[in-house]
Amino acid sequence: MGDIDLEQQEPFPVDRDGRRLRDAEDEPDRGRKMGCCEKFQHSVSRWMLPEDNRSKYLERANCCPPPIFIILISIAELAVFIYYAVWMPQKQWVTLDQGIWNSPLTYKPDNRQEAWRFISYMFVHAGVEHIVGNLLMQLLLGIPLELVHKGFEVGMVYMAGVLAGSLCSSIFDPLSALVGASGGVYALIGGYFMNAVVNFREMIPLLGVFRILAIVIFVATDFGFAFYRRFVNHDDGYNVSFVAHFGGVVAGMTVGYVFFSAYNKKLLKDPRFWLCIVGYVVFVLFAVLFNIFLSPAP
């Protein structure tokens with residue numbers, strides 16, 4: 001009897017739980033119903049990834065831990081809104097009022113030396129429709145994105161949009177105040193939109209059309225509210241900038257696209273990553289110098 005070379009034998013087939021498959025009837029996709037989590041992950045892969053990346057994602061997909069960043073940031077924004085709406089004597093449920101303008105979180109051009117305001121403005125919202133729109137969009141889009149990508153990556157894109165939004169507003173609309181998380185939301189939208197366009201054929205064309213139309217409709221509606229708050233509603237005596245939307249979407253279409261298109265790849269070896277990072281740093285430095293030396297704001 002000849003010797004058997006075990007190293008040349010094919011490995012025993014096993015399922016995802018490590019159990020040996022003894023015959024064809026035991027294969028994982030035959031006769032076994034997917035659980036709710038698996039079904040959800042399959043749907044997420046179809047919406048978020050091109051076809052050649054889905055199998056790799058499904059191999060490692062897991063609902064635990066949940067998308068911590070986007071959930072925590074949403075809870076924080078809602079908590080701040082409730083604080084100013086309920087415990088401060090104002091009409092925050094409907095429109096702007098003095099409570100949020102006096103908040104140490106709101107970005108105001110005459111307080112721009114308080115650098116934290118370029119970030120903290122995302123926690124303060126102008127009314128019910130403002131925060132509901134932002135929360136719905138960032139949860140509907142941010143949770144699937146964070147399931148596919150790491151919370152760190154989604155957080156970086158979100159915060160890049162928030163900072164880009166306030167800096168753009170300080171340059172192109174320097175006399176207007178700023179509230180809301182639209183910069184971060186639009187960064188997520190911009191990154192996802194670029195992936196949906198670039199990978200249109202691989203991300204199921206019919207769904208791709210629906211994705212793009214949904215994004216366009218939401219953006220058009222939200223921009224309508226932003227224009228109204230900026231140019232029509234002056235009851236509170238303040239102008240609210242809408243330029244943060246542009247800053248956020250540009251950050252998303254550059255930095256966000258690089259992060260979200262590099263699934264299962266090393267970003268540090270991607271020249272697009274360094275190009276976007278350098279471009280973003282240059283923009284931030286220019287905006288800082290503009291606010292110090294050139295801004296017409298007091």
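Is Glu-114 buried, exposed or partly exposed? I looked this up before anything else. Glu-114 is partly exposed, because its relative accessibility is 22%. The cut-offs I used: buried is under 20% relative accessible area, exposed is over 50%, and partly exposed is in between, with a 1.4 Å probe and protein chains only.

**Ground rules**

I am working on a predicted model, where local features need pLDDT of at least 70, side-chain atom pairs count only at pLDDT 80 or more, and totals for chains, interfaces and linings use all residues. Residues are numbered from 1 along each chain as its sequence is written, and side-chain values use heavy atoms, with hydrogens and water left out.

**Entry: salt bridges**

Side chains of opposite charge can pair when their charged atoms come close. I counted a salt bridge where a side-chain nitrogen of Lys or Arg is within 4 Å of a carboxyl oxygen of Asp or Glu. That rule gives two salt bridges.

Glu-114 pairs with Arg-117 at 2.4 Å, N to O. Arg-117 is buried, because its relative accessibility is 7%.

Asp-270 pairs with Arg-272 at 2.9 Å, N to O. Here Asp-270 is buried at 13%, and Arg-272 is partly exposed at 31%.

**Entry: aromatic rings**

I describe a pair of aromatic rings by the distance of the centres and the angle of the planes. Rings of Phe, Tyr and Trp (its six-membered ring) pair if their centres lie within 6.5 Å; planes under 30 degrees apart are stacked, over 60 edge-to-face, and the rest tilted.

I found seven aromatic pairs. In one of them, Phe-273 and Trp-274 have ring centres 5.2 Å apart and planes at 75°, so this pair is edge-to-face. Phe-273 is buried at 11%, while Trp-274 is partly exposed at 44%.

**Entry: helix α6**

Which helix holds Gln-138? I found Gln-138 in helix α6, residues 128–148. Helices are DSSP runs (H or I, at least four residues), numbered from the N terminus. Gln-138 is buried, with a relative accessible area of 0%.

I then listed contacts, meaning heavy atoms within 4.5 Å. Leaving aside neighbours within four places in sequence, Gln-138 touches Ile-70, Ile-73, Ser-74, Glu-77, Ile-143, Tyr-158, Ala-181 and Val-185.

**Entry: helix α3**

My last stop was Tyr-83. Tyr-83 sits in helix α3, residues 68–87. I noted Tyr-83 as partly exposed, because its relative accessibility is 40%.

Terms used. Helices (H or I, at least four residues) and strands (E, at least two) are DSSP runs, numbered from the N terminus.
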